[in-house]
Amino acid sequence: MYFVPWSASREGTMGSEDNAAEPLPSPGSVPPRVGTYLYPWDLIGDPEAVPRLLGAGFDQVTVAAAYHSVRAATPEHPQHRFVVAETAALYRPIRDSVWGARRLTPLGAVWTGSDDSFRRAVEALDASGVSVSAWVVLTHNSSLGRTHPDLVVTNCFRDSYEYALCPANEEVREYAALLASEAVRDLPLAGVSLEACGQLGAAHRGHHDKSSGAYTPLAEKILSVCCCAACRRGWSVRGLDTGAVVRALREGFESAMGDADVDASPADVLGAQLAAQLLGLRHTHTDALLNDVLAALGEANPSLAISLHAQTDPWATGASPGLTQSSARHVNSVLVPVEAMSPDSANIIATARQSAPAGVDVAAYVNLLAPIEPGDFDAHAQRLLNAGADELELYHFGIANRSQLPLFAALASASG
């Protein structure tokens with residue numbers, strides 16, 4: 001595994017949640033690092049984008065270099081109010097010399113008007129002294145999943161999730177590693193933020209989604225156990241009867257839709273042994289994916305700091321998959337999504353701090369686009385820091401409107 005330490009070492013956690021009333025760190029204390037997120041189109045065509053970012057107090061930002069399809073608002077852009085990214089894309093040139101005849105080849109981002117929009121964004125930021133990391137989404141790709149259904153996550157009822165490339169397939173892992181290395185090549189970057197570095201599952205907010213609330217959280221976890229051909233081969237190698245596993249998953253789903261406790265785990269409906277085997281296989285594939293991606297990034301740019309989108313629930317799937325027993329040891333920071341004002345957020349961060357090695361930072365990934373008054377968030381931000389967050393990563397500066405930008409600026413000022 002490749003591992004690159006942060007230039008600034010961790011200074012330890014900042015106390016307990018009981019100190020929530022304390023103000024955010026003042027000058028002279030150890031401030032948290034605070035960063036935010038942008039798409040290339042937030043910068044291209046807007047000469048005020050970088051001054052607006054600097055004026056808000058940000059000196060580090062993460063920009064999408066390979067991203068899934070999205071319809072994004074651009075409230076402050078002078079030329080448009082929405083950008084529709086029709087497909088997942090690499091925001092760098094798609095080089096034939098690299099991708100050749102591979103089945104899994106990324107699409108370009110024609111809607112940006114450039115075959116290298118990420119470079120244009122990085123150069124604009126770097127010229128103003130802003131530290132840039134590449135935001136790379138790995139296994140979330142509906143276009144490739146649609147054209148290669150043999151490589152996507154499939155549940156025990158044979159429903160295929162076309163948005164979810166399954167990392168049990170070596171071809172998927174090779175694609176992800178090459179995608180990451182091509183995203184960061186030949187650019188002055190400080191780091192890379194790895195999203196969807198693992199398996200996606202049943203939840204997917206797209207296609208006018210009408211599934212929210214239909215299944216219990218436990219049922220969604222059962223529906224997120226991949227039964228694709230590669231995963232079934234993995235079961236067989238481990239001595240499992242594939243037909244029996246599928247039947248157990250279907251029966252477990254029915255139990256999960258019944259009177260299962262809200263805190264029940266897959267082990268409660270599948271049995272501890274089978275649940276452990278299935279989770280262990282998923283984590284084996286997750287570790288293999290991360291290992292391949294880190295090796296490719298190490299060859300492309302060994303100085304990059306690696307941030308991993310992840311959750312502490314080992315059964316979690318999606319953009320932030322569950323941490324494996326070893327994944328946090330091989331990155332510089334773990335980026336944990338938390339709801340902006342949820343009372344559970346501090347506990348989530350505290351659990352992540354306990355799970356991550358002492359030399360690995362914990363970053364609270366906070367969506368600030370919900371209605372929040374700046375004064376209301378101060379105490380919550382302090383709770384996150386007290387719980388062990390070393391960084392606040394704020395989503396998403398380019399989407400923020402005029403009334404939301406002051407909160408971004410208020411939190412950026414906490415970084416000193």
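Which residue takes a positive phi in the hairpin of strand 7 and strand 8? I opened the predicted model to find out. R158 does, with phi near 70 degrees. I counted five residues between the strands of this hairpin.

Next I looked at the strands themselves. Strand 7 covers residues 152-154 and strand 8 covers residues 160-165. They run antiparallel, and three bridges join them. I also checked who faces V152: L165 in strand 8 stands opposite.

Then I turned to the rings. I described each pair by the distance of the centres and the angle of the planes. Ring centres had to lie within 6.5 Å to pair. The count came to 16 aromatic pairs.

I picked out F58 and F397. Their centres are 5.6 Å apart, and their planes stand at 75 degrees. That makes the pair edge-to-face, because the angle is over 60 degrees. The two residues are 339 apart in the chain. F58 lies in the loop between helix 2 (49-55) and strand 2 (60-67). F397 lies in the loop between strand 13 (391-395) and helix 14 (405-412). I found both F58 and F397 buried.

I compared Y161 and Y163 next. Their centres are 5.7 Å apart and their planes are at 10 degrees, so this pair is stacked. Y161 has 8% relative accessibility, so I noted Y161 as buried. Y163 has 8% as well and also counts as buried.

I then traced a cluster linked by ring pairs. Its members include W41, W111 and W135, along with tyrosines such as Y37 and Y395.

My last entry is a charge over a ring. The charged end of R71 sits over the ring of F82, 4.0 Å from its centre.

Methods:
Residues are numbered from 1 along each chain as its sequence is written. This is a predicted model: local features need pLDDT of at least 70, side-chain atom pairs count only at pLDDT 80 or more; totals for chains, interfaces and linings use all residues. Side-chain values use heavy atoms; hydrogens and water are left out. Two strands pair if DSSP finds at least two bridges between them. Helices (H or I, at least four residues) and strands (E, at least two) are DSSP runs, numbered from the N terminus. Rings of Phe, Tyr and Trp (its six-membered ring) pair if their centres lie within 6.5 Å; planes under 30 degrees apart count as stacked, over 60 as edge-to-face and the rest as tilted. Buried means under 20% relative accessible area, exposed over 50%, partly exposed in between (1.4 Å probe, protein chains only). A charge sits over a ring if NZ of Lys or CZ of Arg is within 6 Å of the ring centre and within 35 degrees of the ring normal.
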